[in-house]
Amino acid sequence: NTRFGSSTNPSYPASAFNSALGALFNGSVKITCTNGQDLASVVHTFWNRPSENAASTYQSVAGPGATSVYVPYAPRIKSGSAWVRWSKIAVQNLTGSAASISLTYYNLDGSTALTVGDSIAAYSGDAYNTRFGSDGGAIAGSAFAAVGDSYVGGVKITSTQSLAAVVNVIAKPNWSSTYNAYTE
């Protein structure tokens, strides 16, 4: 637990995570087993902002990932100037080489609404938010205005390297959901 430390291993208290990751860590984790045993893990995400407390869960992605992943639901919905629902797709490059990626947003009729591209460093990740833009700053939030303010559709992400993706759907007043993207 990056906030409270490990409840089962005293070698990893909260201070160890804070010291190593700092207060603003927004990244990914690679888990390996040194004796070759299979592993399973589940991630719990907690949104703790004033008047917006919510939580969601997803399973970790087993390697090796894929060069094409699919997100069936990635909304961007406003009512007037008020945000109702939006999505954030966290993408991780699973390889030791930089990845060039392309995210194509599709309307419900299958037509293309928007295509954006980015580069993700080796073993790193970035997240693409239809409200705020990419966490890394390469894609501004305003770029997603091209899909409109009542967008409901899917996304295909292609990459030159193997990747994994997780989707957060956030809704007002205090609801969220998280799921894994799908591979071919």
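**Strands, rings and salt bridges**

Colleague: Trp83 and Trp86: buried or exposed?
Modeller: This is a predicted model: local features need pLDDT of at least 70, side-chain atom pairs count only at pLDDT 80 or more, and totals for chains, interfaces and linings use all residues. Residues are numbered from 1 along each chain as its sequence is written, and side-chain values use heavy atoms, with hydrogens and water left out. Buried means under 20% relative accessible area, exposed over 50%, and partly exposed in between, with a 1.4 Å probe and protein chains only. Trp83 and Trp86 are both buried.

Colleague: How many aromatic pairs does the structure hold?
Modeller: Rings of Phe, Tyr and Trp (its six-membered ring) pair if their centres lie within 6.5 Å. Planes under 30 degrees apart count as stacked, over 60 as edge-to-face, and the rest as tilted. By that rule, the number of aromatic pairs is three.

Colleague: Why is the pair of Trp83 and Trp86 described as it is?
Modeller: A pair of aromatic rings is described by the distance of the centres and the angle of the planes. For Trp83 and Trp86 the centres are 6.0 Å apart. Their planes stand at 75 degrees, so the pair is edge-to-face.

Colleague: How many residues apart are Tyr105 and Tyr151?
Modeller: Tyr105 and Tyr151 also form an edge-to-face pair, at 6.3 Å centre to centre and 65 degrees between the planes. A strand here is a DSSP run (E, at least two residues), numbered from the N terminus. Tyr105 lies in strand S6 and Tyr151 in strand S10, so the pair links distant parts of the chain, with a separation of 46 residues.

Colleague: Tyr105 and Tyr151: buried or exposed?
Modeller: Tyr105 has 1% relative accessibility. Tyr151 has 2%. Both residues therefore count as buried.

Colleague: Which residue do ring pairs link with Tyr105 and Tyr151 into a cluster?
Modeller: The cluster is held in ring pairs. Alongside Tyr105 and Tyr151, its other member is Phe144.

Colleague: Over the ring of which residue does the charged end of Arg131 sit?
Modeller: A charge sits over a ring if NZ of Lys or CZ of Arg is within 6 Å of the ring centre and within 35 degrees of the ring normal. The charged end of Arg131 is 4.5 Å from the ring centre. The ring belongs to Trp86.

Colleague: How many salt bridges does a search of the whole structure find?
Modeller: Side chains of opposite charge can pair when their charged atoms come close. A salt bridge is a side-chain nitrogen of Lys or Arg within 4 Å of a carboxyl oxygen of Asp or Glu. The search finds two.

Colleague: Which residue meets Asp149 in a salt bridge?
Modeller: The N to O distance is 2.6 Å, and the partner of Asp149 is Arg76. The two lie 73 residues apart: Asp149 in the loop between strand S9 (133-134) and strand S10 (150-151), its partner in strand S4 (residues 76-79). Asp149 is partly exposed at 35% relative accessibility.

Colleague: With which residue does Lys88 form a salt bridge?
Modeller: The closest N and O atoms are 3.1 Å apart, and the partner of Lys88 is Asp135. Lys88 is in strand S5 (residues 82-93), and the partner is in the loop between S9 and S10, 47 residues away. Lys88 is buried at 16% relative accessible area.

Colleague: Which residue in the turn between S4 and S5 has a positive phi?
Modeller: Two strands pair if DSSP finds at least two bridges between them. S4 and S5 pair in the antiparallel sense over four bridges, with Lys78 opposite Trp83. They form a hairpin with two residues between them. The turn residue with a phi of about 65 degrees is Gly80.

Colleague: How many bridges join S5 to strand S11?
Modeller: S5 runs antiparallel to strand S11 (residues 154-171). In this pairing, Gln92 stands opposite Ala164. The number of bridges is nine.

Colleague: In S8, which residue is the bridge partner of Ala90?
Modeller: S5 also pairs with strand S8 (residues 125-129), in the antiparallel sense, over five bridges. The partner of Ala90 is Ala127.

Colleague: Which element gives the most to the largest nonpolar core?
Modeller: A nonpolar core is a set of buried Ala, Val, Leu, Ile, Met, Phe, Trp, Tyr and Cys residues joined through side-chain atoms within 4.5 Å. The largest has 27 residues, and Val71, Ile89, Tyr105, Tyr128 and Ile157 touch the most other members. Strand S3 (66-71), S5, strand S6 (99-106), strand S7 (112-120) and S11 each give two or more residues. With six residues, the top contributor is S11.
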